[in-house]
Amino acid sequence: MALRRRRERGAAREAAVRERRVASRGWTPIPDAPPLDPAAVRAVVQAAQGRLRQCYTTAVRREGRGDDARVRLAVSIAPAGHVASSTVAGPDFGGMHECLRRTADRWTFPESRAGGHVPIPLAFEAVD
């Protein structure tokens, strides 16, 4: 019984922290929406693989070199499902970072209770 009460209090505290974080970002929480679904995030990213790859190949053509690239795209998703911000870390050449950010900024996710921050590792291999 005591363990269940502690879990309930912990869950309530976690929900309150999540709502304060959402409010501090200027987002409006959507109480009836489900939490951000990892499967939905994966589906959106998978659907965009062709465009992400195109960013890399365009950058390779501009730069005139074909290095392998491992980058990390980080996306902040608002509760309404739009991308609030995106950043890219890793090697940048030929405008690849900007292209990846522009691509991610167009993504739309299902509504969620509090949105979230999602890191997306990307690996591009040079084609001979």
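**Around helix α4**

The buried residues of helix α4, which spans residues 96-105, are M96, H97, C99, L100, T103 and A104, where buried denotes under 20% relative accessible area, exposed over 50% and partly exposed the range in between, with a 1.4 Å probe and protein chains only. These residues lie on the same side of α4, because they cover an arc of only 165 degrees around the axis, the arc being that of the directions from the helix axis to the C-beta atoms. An α-helix has 3.6 residues a turn, so residues three or four places apart point the same way. Helices (H or I, at least four residues) and strands (E, at least two) are DSSP runs, numbered from the N terminus.

This is a predicted model, in which local features need pLDDT of at least 70 and side-chain atom pairs count only at pLDDT 80 or more, while totals for chains, interfaces and linings use all residues. Residues are numbered from 1 along each chain as its sequence is written, and side-chain values use heavy atoms, with hydrogens and water left out. The mean pLDDT of the protein (the predictor's confidence in each residue, from 0 to 100) is 83, and 73% of the residues reach 70 or more.

Within α4, H97 is buried, with a relative accessible area of 9%, and its side chain reaches the backbone oxygen of G90 at 3.0 Å. Once neighbours within four places in sequence are set aside, H97 is in contact (heavy atoms within 4.5 Å) with V71, V88, A89, G90, P91 and D92.

From helix α3 comes L52, which is buried with a relative accessible area of 0%.

Turning to the strands, β1 is largely enclosed by the rest of the structure, since 7 of its 9 residues are buried. β1 pairs with β3 in the antiparallel sense over 9 bridges, pairing being assigned if DSSP finds at least two bridges between two strands, and V75 has V118 in β3 as its bridge partner. The pairing of β1 with β2 is also antiparallel, over 6 bridges, with A74 standing opposite T87 in β2. β1 and β2 form a hairpin with 5 residues between them, and in the turn G81 has a positive phi of about 105 degrees.

The structure holds 3 aromatic pairs, for which rings of Phe, Tyr and Trp (its six-membered ring) must have centres within 6.5 Å, planes under 30 degrees apart counting as stacked, over 60 as edge-to-face and the rest as tilted. Y56 and F124 are stacked, because their ring centres are 5.1 Å apart and their planes at 5 degrees. This pair links distant parts of the chain, with Y56 in helix α3 and F124 in strand β3, 68 residues apart, and both residues are buried. W107 and F109 form an edge-to-face pair, 6.3 Å centre to centre with 80 degrees between the planes; W107 is buried at 8% relative accessible area, and F109 is buried at 4%. Finally, Y56, F93 and F124 form one aromatic cluster.

Definitions and conventions:
A polar contact is a pair of N or O atoms within 3.5 Å; within protein, one must be able to donate a hydrogen and the other to accept it, and residues adjacent in sequence count only if both atoms are side-chain atoms.
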